[in-house]
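Subject: Handover of a structure with its ligand site and cavity

Dear colleague,

Please find the structure below for your records. The findings follow directly after it.

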Amino acid sequence: MDSNGSGRRRFLKQAAALAGVAAGAGAGTEWAARGQSKMPELAKPGAGAADGQDHREMLRRGARFSVDHITYYTPLQDYAGIITPAQLHFVQQHSSHWPDIDAQQHRLTIHGMVDRPLSFSMDDLKRLPSVTRIHFLECQGNSSAMIHGAGNQNMGPPVQFVWGMTSCSEWTGVPLSVLLNEAGVQPEGKWLVYEGADPGKFSHTLPLAKALDDVIVAYGQNGEPVRVEQGYPIRMIVPGWEGPFSVKYLRHIKVVDQPYMAWNEAMNHSIPRADLGGKSRWYHFQWATKSVITRPSAGLEALRIGYVQITGLAWSGGGAIKKVEVSTDSGRTWKEAKLQGPILPKAHTRFTFDWAWDGEETVIMSRSTDETGDVQPSRAELYKNWGIPAEGPVRTTHFNAIQPWKVARDGSVRDAMFS
Ligand SMILES: Nc1nc2c(c(=O)[nH]1)N[C@H]1C(S)=C(S)[C@@H](COP(=O)(O)O)O[C@H]1N2
Ligand SMILES: [Mo]
């Protein structure tokens, strides 16, 4: 019966398949062929990504579950502007396959410390007031010291496999505050714990204040339905906060009086800090300011002497980008880059810088400052701030250090994070 959900779902699937075909023709060929450049070896459970390594570590230590993993990296070097084409969005999925959800049957429930437990169908959600906002998403492991090539055969150039666990989209949905107001949060309800409908029931905790601030229950991504990889039919978008807060395939929200330590929060999000006596900062959630030169960058075509456009992306979980500076002389001097509009809070911001390369060996890098005055640190500054003594690739998530790219005399570029 085609008037019901399965008909519509089939339509959406067909539409998605057609979009895939269309992308394969003409200008999209390069992207379609490369896609997120899912490296085959990275499709294996637990291989490669920082998250995956944590899982393997847990399994070695006898954890009694098995966690599969799908990882795609966004080819940051290959697109212009600030919107990541939906088919190039990065993926961190803690299961071996995408959940097959019938949107017509899907319900979002809100329960716990509320006056009125509620259950919303997709139609219910689409009848409510909506917002559309551009925000980045970023995995807590992105650009981490662990994935700068050293000792990790899956990583290294190009920039995609070191920095490609961030993407930026236009998200449409209902403000979470609208849903919580409908349900009526009781005075003792100060936290949310919420769950996705994927096989692992991916879950996370969120303080109520953030939930009422700018969180979106999103059903639209760049004008289309949220893609299956991104959480179809609905996901949480928690702007500026690290990826795992933005639970995909959102199904249940429970209002509670204390934070929970859902498995992902325990395994992937909390890192022991030497400066805190081996304790973790559990809710280390808001992204500090970051930036990266995406072109030229490691492993791409060699530079030619003369004019070189440097371009890249900057962002911050704390608000809008105020300034990006570029150094083309190994950090001795810095000059301000041009910011291309739009410059939006908690969104990627495109910068460009005109450079004349003289053919000499050098290091190029970018440094961002956000509207709160937060300045992107060098790796040495970051390690110092965090009380991490190590010189090398220590296990750090929440990493936002300046990315140095070394230009050789033959015009080739490599990652100079650790040399
Ligand atoms: N249901 C569900 N939500 C999830 C995850 C997941 O595996 N399942 N992964 C989380 C992590 S670790 C990140 S970084 C982001 C990635 O979102 P994306 O896959 O849409 O890029 O989703 C988060 N939400
Ligand atoms: Mo993540």
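A cavity, as the term is used here, is a set of points on a 1 Å grid over the protein atoms alone where a 1.4 Å probe fits but cannot get out, and its lining residues have an atom within 4 Å of a point. A molecule sits in a cavity if more than half of its atoms lie within 2 Å of the grid points. The space taken by ligand 1 is the largest cavity.

Please note that this is a predicted model, in which local features need pLDDT of at least 70 and side-chain atom pairs count only at pLDDT 80 or more, while totals for chains, interfaces and linings use all residues. Residues are numbered from 1 along each chain as its sequence is written, chains are lettered from A and ligands numbered from 1 in the order in which they are written, and side-chain values use heavy atoms, with hydrogens and water left out.

The cavity

The count comes to one cavity of 30 Å³ or more. The largest cavity holds about 230 Å³ of space, where grid points are joined across faces, edges and corners and a volume is the space filled by probe spheres set on the points. Its lining has 20 residues, and Q92, R235, G243, S246 and K248 are the closest to its centre. By class, the lining divides into seven nonpolar, eight polar and five charged residues; Ala, Val, Leu, Ile, Met, Phe, Trp, Tyr, Cys and Pro count as nonpolar, Asp, Glu, Lys and Arg as charged, and the others, Gly among them, as polar. Strand 2 gives the most to this lining, with three residues; strands are DSSP runs (E, at least two residues), numbered from the N terminus.

The ligand

There are 19 residues around ligand 1, of which F90, H94, D198, R235 and K248 come nearest; a residue is near a molecule if one of its heavy atoms lies within 4 Å of it. This shell divides into seven nonpolar, seven polar and five charged residues. Strand 2 (residues 91–93) gives the most to the shell, with three residues.

An oxygen atom of ligand 1 is 2.6 Å from a polar backbone atom of F90, and a backbone N or O atom of Q92 lies 3.0 Å from an oxygen atom of the ligand. These are polar contacts (pairs of N or O atoms within 3.5 Å).

Backbone features

The peptide bond from Y232 to P233 is cis, with omega near 5 degrees. P233 is in the loop between strand 10 (224–225) and strand 11 (235–237).

Yours sincerely

Conventions:
A polar contact is a pair of N or O atoms within 3.5 Å; within protein, one must be able to donate a hydrogen and the other to accept it, and residues adjacent in sequence count only if both atoms are side-chain atoms. On a 1 Å grid over the protein atoms alone, a cavity is a set of points where a 1.4 Å probe fits but cannot get out, and a pocket is an open set with protein on both sides within 12 Å along at least five of seven lines; lining residues have an atom within 4 Å of a point. Helices (H or I, at least four residues) and strands (E, at least two) are DSSP runs, numbered from the N terminus.
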